[in-house]
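Here is a short tour of a two-chain model, written for someone who likes to know the cut-offs. Have the viewer open while you read.

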Amino acid sequence: MTLTKAPPARGGRRDDADDPRARRFNSSLVLTLLLVLVVALQGPVRGALSAPVMQSWMTVFVAVVVQALPFLVLGVLLSAVIAVFVPPSFFARALPGRPALAVPVAGMAGAVLPGCECASVPVAGALVRRGVTPAAALAFLLSAPAINPIVLTATAVAFPGEPRMVLARFAASLLVACVMGWLWQRLGRTDWMRPPAHPSLEGLGKGAAFWGSIRHDVMHAGGFLVVGAMTAATLKAVVPASWLHTAAGNPVVAILALGLLAVVLSICSEADAFVAASLSQFSLTARLAFLVVGPMIDLKLFAMQAGTFGRGFALRFAPATFAMAVLASALVGAVLL
Amino acid sequence: MLFLLGVAVLHAGFTDLYLRYVKAGLRPLLLAAGVVLIGTAVATVWYELRQQRDGHGHEHGHGHREPRVSWLLVLPLFALILVAPPALGSYSAMHAGTALQRPPWGFPTLPARDPISLNVADYAGRAVYDHGRSLRDRHVKITGFVALDRRGAPYLVRMALNCCAADALPVKVGLSGRTPPVLRPDTWLEVTGTYTGKRTKDPVGGGVIPYIDVSRAAPVPTPRDPYDESWNG
């Protein structure tokens, strides 16, 4: 019976005392009922969804989820490997003892994870749980999706006449990652970062722990991915693109506008260079802001960060990251482009 | 739940359904993700059974403590299995500016066939940035879907996509000459025509839209991959 694996709808941790088996039964019952209900109501549901706005909303929504899911699964696999098979002492040896030095090292280490931002959130979460300094894990979280070889190659392909764009993207992204890591080390308080209860993996066999970790992370991060995808699809379907083009005239507004656009669109970091290249009415610096902000903070990432590290963390971390990313790209753009 | 999600992803990957949402290159990753999801589901059941057989029951209390937010995963599941939303069409096309880019590698000489099949972006690129030099006196065949602007003027559009439908951008070509009298948005057309110097400015975004002088337009079924992926190389 596969349906028995459905997650129970838990009201909170208060009902821990309930018999887990009874709750599990209920949840699978609910899922079955829901399936039957939706199949029965297929006709009206389709009718309601046939309006063009709804259709393009659905398409974008499904597209964001379908596109991000493989990378999410990849990241979850990697984080499960870290959580189960890599002993905590490994990180203690691999990273410099002083957090101030660990931050840039972790930032550079981001270059080797060939994935997009959806993969880096669960990996960073696993790093924190494994005892890595949060500041270093955050630097890794921010730099990994932006400076890995795949993304940089895509950038070079998308901006054929502008090799400096690749360099600028690398420099600005690494800069933001390190600065955010140091900022967290200086100002961050551990009580902001409140990861939701992770199932205890103690006392289980390695196999069980491995698969349990994967299941939990997919269900958890996947749910938040859905939240982010819905928001992004709504904004994409509702906000007219013409608003953007009025912003292209003013250089300062243009940088801010493309930064915001990157947040709203929630494009995979492996594809954003092509979109940036097509925004040709904007200055190169503004497009650099698009490329630096996008992989670090966007709507689906915000939702996933809130899920992995807690809401209080995401509410503080996301605006700071946005501000730093915009500043750094303006700075690097002024120097390099 | 995970099993269903995995099956849905595999289903989309093995049929051409996935091409409505993401680029073709993501297929192996999608299939791998589906396999991992199903594997996780199977492993969960297996360990569950073994644990019960060993008499541990649920005393660890580790099992099935999934957060409520994971219920949201049923939404894309329903959307994929039951509704399977269509690829982006004229609504999205007319809400975004044309995304024509000058191809970095110039314009290779066209083969001598006549009429010659081009994709929408290739035609538009040659018409705008090459001033139609390589298109003169040639019959050109392009395929795209119909979109009408507010005044009812017809365009032939193909969405160009880099990764997934969220970043798809339209490339538009205006239709002039002998256009069919009744054009319904979102019908796919194979248009045969010749280059014309006429162009217009896209009301959204201000990009340049070239025109094609239509001599024949025939409805065609939706292509296997509704998007133009030529940017992916």
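## Where the strands meet

How many bridges pair β5(B) and β6(B), and is the sense parallel or antiparallel? There are eleven bridges, and the sense is antiparallel. Strands here are DSSP runs of E with at least two residues, helices are runs of H or I with at least four, and both are numbered from the N terminus. Two strands pair if DSSP finds at least two bridges between them. One bridge in this pair puts Val191(B) with Ala217(B) in β6(B).

This is a predicted model, in which local features need pLDDT of at least 70, side-chain atom pairs count only at pLDDT 80 or more, and totals for chains, interfaces and linings use all residues. Residues are numbered from 1 along each chain as its sequence is written, with chains lettered from A and ligands numbered from 1 in the order in which they are written.

## The rest of the chain B pairings

Strand β2 (residues 140-148) of chain B has several partners. Strand β5 (residues 188-201) runs antiparallel to β2(B) over six bridges, with Thr143(B) opposite Glu190(B). Strand β3 (residues 154-160) is also antiparallel to β2(B), over four bridges, and there Phe145(B) has Val157(B) as its bridge partner. β2(B) and β3(B) make a hairpin with five residues between them, and Gly152(B) in the turn has a positive phi of about 90 degrees.

Now for the parallel pairings. β1(B), residues 116-117, joins β2(B) over two bridges, one of them between Ile116(B) and Val140(B). To get from β1(B) to β2(B), the chain passes through helix α5 (residues 120-129), and this β-α-β crossover is right-handed (strands pointing away from the viewer, the path from the first strand over the helix to the second runs clockwise). Elsewhere, β4(B), residues 169-177, runs parallel to β6(B), residues 208-219, over four bridges, and Gly174(B) faces Tyr211(B) there.

## Chain B overall, and one tryptophan

Chain B has five helices and six strands, in the order α-α-α-α-β-α-β-β-β-β-β. Of its 233 residues, 45% count as buried, meaning 20 or more other C-beta atoms within 10 Å of the residue's own; 12 or fewer is exposed, in between is partly exposed, and C-beta atoms are placed from the backbone.

Trp188(B) sits in strand β5 and counts as partly exposed because it has 18 C-beta neighbours inside 10 Å. Beyond its neighbours within four places in sequence, its contacts (C-beta atoms, placed from the backbone, within 7 Å) include Thr143(B), Phe145(B) and Pro221(B). Trp188(B) and Pro221(B) are 33 residues apart in sequence, yet their C-alpha atoms are 6.4 Å apart.

## Chain A: helices and confidence

In helix α8 (residues 149-158) of chain A, Val151(A), Ala154(A), Thr155(A) and Ala158(A) are buried. These buried residues fall within an arc of 100 degrees seen down the axis, so they line one face of the helix; the arc is taken from the directions from the helix axis to the C-beta atoms.

An unreviewed UniProt entry lists residues 166-184 and 218-235 of chain A among its "transmembrane region" stretches; such annotations may be inferred rather than shown by experiment. In the model, residues 166-184 are 100% helix, with end C-alpha atoms 27 Å apart. Residues 218-235 are 100% helix too, with ends 25 Å apart by C-alpha.

The mean pLDDT (the predictor's confidence in each residue, from 0 to 100) of chain A is 76, and 79% of its residues reach 70 or more. Over residues 1-23 the pLDDT is below 50, and this stretch has 42 contacts beyond near neighbours in sequence.

Note on methods. Contact = placed C-beta atoms within 7 Å.
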